[in-house]
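The sequence and the structure come first, and the description follows.

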Amino acid sequence: MSDQLPSQKTWGGRFRGAASDLMTKINASISFDKRLWREDIEASKAHAAMLGAQGIISADDASAILSGLDQIAEEFERDGVPERVELEDIHMTVEHRLTELIGPAAGRLHTARSRNDQVATDFKLWTRRACGNVRSAIGQLQEVILLRAEEQAETVMPGFTHLQVAQPVTLGHHLMAYHEMLMRDFDRLLDADVSMGECPLGSGALAGTGFPIDRESTAKALGFLDGPTKNSLDGVSDRDFALDFLAAAAFCSLHLSRLAEEMILWATPQFGFVKLSDSFSTGSSIMPQKRNPDAAELVRGHSGRIMGCLTSLMVTMKGLPLAYSKDMQDDKEPVFEAYDLLLLSIEAMTGMIETIEFVPERMRAAAEQGFSTATDLADWLVREAGVPFREAHHITGAAVKAAEDRSCNLDQLPLDVLQQIDPRIDERVFDVLSVDASVRSRTSYGGTAPERVREQIAKAKE
């Protein structure tokens, strides 16, 4: 590329003095908005084609612009985007190179267009694609979860409340809970994508344009199914689409963090429920015995940064009057950062779940502690002896105390001890006091019984 620059910036006609080096530095965004180069060229091609079709520029100029933009796309794909702070941003970088390639005709590309509607269009196109890429990654993680849940549909483990043993569940059921969370994340990203269906291009700086442009054609060419934005002020100043993406990303990262936290806990010797693969673990520089769950910890840590990205952009936007303010140049970095972190987190979690080794015997042993079938005893008293649940709850509490005093599980209590607590208890109670009987009995829709888990998996596969 030539080192020659125009003698004036695109906005320089009003100014006699040159901008200071610091002004040039703080004003430039090419270091990060170069990621929009594909979208900028795509939107510019749609705009140039429309200008030619409407007779606003000549067919020859339109053809030269389109050919030049195709050549720039090839150069950027091959060599990357040059970062020249004096050109400020990706939009001027493209236009400057176009001028080098086709001469003065390049200046006609900006007819009936402002950088305000240009950047809004580019950014929305990029964010829509980001939504699609994250949905695809979520889908791959869901597939891995389904596979592992199917393998472990009958594996008994303790379910927890307050991180205390509560009731036995199956590991398949536990994993499918995260599948459901991810399904909502998928839907949120889909909703965010749908909400981006209007095209800002043609809004101008803020008030529209007097040229006879065809906004419907550019919207259609760029895949905006809902047509052009209905208000030019809103068209250039709206960043709801970026916030929608960040909100969905924050939710997804929250769910990933919860799953990561469980992997971290379960990998400790105190739990011993899982063994992390070498592929997603690290060692210690001083303690040779260590196997650290660094990948899971980084997923957990990234969630805070992603949530911070949402907060950052919300704070940026909350005080801005219509229409465009330069603060909005800071809209892209939080979205780019959240996207990169979220995609990496999903991919890392997919690898972890795919390669993790579950330890069913440790899970079963933990489920058999903590009197996890106490509710089953209470339910049996209600169902078989007609005892009101509140009374059954009290009777069961006494049975738990008796088992505690004898350092045994509920199903190991002698029948005569149970009958001393309440004579309505008979030998049939032992049919419900094992952890296997407990999980088999939870057959309500959405319950942990293996047959229900397999049904959930089959529906999810569909």
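## Report on the predicted model

Ala120 is buried, with a relative accessible area of 0%. The model under discussion is a predicted one. Ala120 belongs to helix α6, which covers residues 115–151. Leaving out residues up to four places away in sequence, Ala120 touches Pro200, Gly235, Val236, Arg239 and Phe241. The C-alpha atoms of Ala120 and Cys199 lie 8.7 Å apart in space, although 79 residues separate the two in sequence.

### Overall form of the chain

The chain contains 18 helices and 4 strands. Its radius of gyration is 31 Å, well over the 23 Å that the globule rule gives for 462 residues, so the chain is more spread out than a compact globule. Along the principal axes, the C-alpha atoms fill a box of roughly 100 × 55 × 40 Å.

Of the 462 residues, 50% are buried. The chain exposes about 22200 Å², and carbon and sulfur atoms supply 51% of that area. Among contacts between residues at least 6 apart in sequence, 76% join residues at least 24 apart. The charges number 48 positive and 70 negative, and the mean positions of the two sets are 2 Å apart.

### Selected residues

Gly197 sits in the loop between α7 (171–194) and α8 (215–221). With a relative accessibility of 4%, Gly197 counts as buried. Beyond residues up to four places away in sequence, Gly197 touches Phe224, Leu225, Asp226 and Gly227.

Glu42 is part of helix α3, residues 37–53. Its relative accessibility is 26%, and Glu42 therefore counts as partly exposed. When neighbours within four places in sequence are set aside, Glu42 is in contact with Leu125, Arg129 and Leu222.

Arg35 is placed in the loop between α2 (30–33) and α3. Arg35 also counts as partly exposed, at 29% relative accessibility. Apart from residues up to four places away in sequence, Arg35 touches Trp126, Phe336, Tyr339 and Asp340.

The table sets out sequence separation and C-alpha distance for pairs that involve these residues.

| Pair | Separation in sequence | C-alpha to C-alpha distance |
|---|---|---|
| Gly197 and Arg38 | 159 residues | 19 Å |
| Ala120 and Cys199 | 79 residues | 8.7 Å |
| Glu42 and Ala221 | 179 residues | 9.3 Å |
| Arg35 and Thr396 | 361 residues | 63 Å |

### Cysteines

How many disulfides does the count come to? The count comes to 0 disulfides. Cys199 is in no disulfide, and its nearest cysteine sulfur, that of Cys131, is 16 Å away. Cys199 counts as buried because its relative accessibility is 0%.

For Cys309, the closest cysteine sulfur is in Cys252, at 14 Å, which is too far for a bond; a disulfide would require the sulfur atoms to be within 2.5 Å. Cys309 is buried as well, with a relative accessible area of 3%.

### Backbone exceptions

Most residues other than glycine have a negative phi, and most peptide bonds are trans. Several sites in the chain are described here against that background.

Which residues does a cis peptide bond join? The bond between Leu322 and Ala323 is cis, with omega at about 5°. Ala323 is located in the loop between α11 (294–318) and α12 (332–355).

Glu88 is a residue other than glycine with a positive phi, near 70°. The loop between α4 (59–79) and α5 (90–102) holds Glu88. Is Glu88 buried or exposed? Glu88 is buried, because its relative accessible area is 4%, and the limit for a buried residue is under 20%.

Phe371, although not a glycine, likewise has a positive phi, of about 55°. Phe371 occupies the loop between α13 (360–367) and α14 (374–385).

Technical notes:
Residues numbered from 1 in each chain as written. Predicted model: local features only at pLDDT ≥ 70, side-chain atom pairs only at ≥ 80, totals over all residues. Heavy atoms only, no water. Helix = DSSP H or I, 4+ residues; strand = E, 2+ residues; numbered from the N terminus. Rg over C-alpha atoms; globule rule 2.2 N^0.38 Å. Buried < 20%, exposed > 50% of the residue type's maximum accessible area, 1.4 Å probe, protein only. Contact = heavy atoms within 4.5 Å. Areas by Shrake-Rupley, 256 points an atom, 1.4 Å probe, with all protein chains shown as cover. Lys, Arg positive; Asp, Glu negative; His and termini not counted. Charge placed at Lys NZ, Arg CZ, Asp CG, Glu CD.
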